[in-house]
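Colleague: Before I rely on the terms you use for this model, could you show me the rule behind each of them?

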Amino acid sequence: MSLAYRFFVAGILFALTGMSLGTYMGTVHDFTFAPVHAHINLVGWVTFFLFGLFYRGDVPAARSLVAEAHFLCAVLGGILLPAGIVGAVTENAPLALAIIPGTLLTLASMALFLAVVARSWNRARSVSRAPRREIAEATA
């Protein structure tokens, strides 16, 4: 399965989880886990779907090892961060510790995505400039 579709599937799984939690909270009228719900939907569903759209549009970028590392960090961060928030909300100190690696992995995944986008941009710039250089050299 392509990296884009792996991001899409993971994002949809996060969305289903976040929506289920939201439905549960609304049913029992207890919104204690609202921060968890929000992070699952934003860090999971929204960012994963946007990552998938980028990789679907830039297939060469999706074939890099950095992109694979991006996916791994994003998934682990997307799981650990909300789990840590559950621990913080329920005052479960051992589970709350998951916030630290979850946050760091989520930040690392975004930094890796920046690296992928920058490489893609540089690749696109070099391709778009290549014909101009050849024309300039031919006319000089």
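Modeller: A crossing is called left-handed if the near helix is turned anticlockwise from the far one by less than a right angle, and right-handed if clockwise; here α1 passes α2 in a left-handed crossing. This is a predicted model, where local features need pLDDT of at least 70 and side-chain atom pairs pLDDT 80 or more, while totals for chains, interfaces and linings use all residues. Residues are numbered from 1 along each chain, and side-chain values use heavy atoms, without hydrogens and water.

Colleague: Why are α1 and α2 called roughly antiparallel?

Modeller: Helix α1 (residues 3–28) and helix α2 (residues 34–57) pack at about 160°, with axes 8 Å apart. Angles over 145 degrees count as roughly antiparallel, and therefore the two helices are described in that way.

Colleague: What makes the contact between glutamate 68 and arginine 6 a salt bridge?

Modeller: The rule asks for a side-chain nitrogen of Lys or Arg within 4 Å of a carboxyl oxygen of Asp or Glu, and this pair has an N to O distance of 2.6 Å. Glutamate 68 lies in helix α4 (residues 65–89) and arginine 6 in helix α1, so the pair ties together parts 62 residues apart in sequence. By this rule the count comes to two salt bridges.

Key:
Axes fitted to C-alpha atoms, helices over the stretch in contact; angles between N-to-C directions. Helix = DSSP H or I, 4+ residues; strand = E, 2+ residues; numbered from the N terminus. Parallel < 35°, antiparallel > 145°, perpendicular 65-115°, else oblique.
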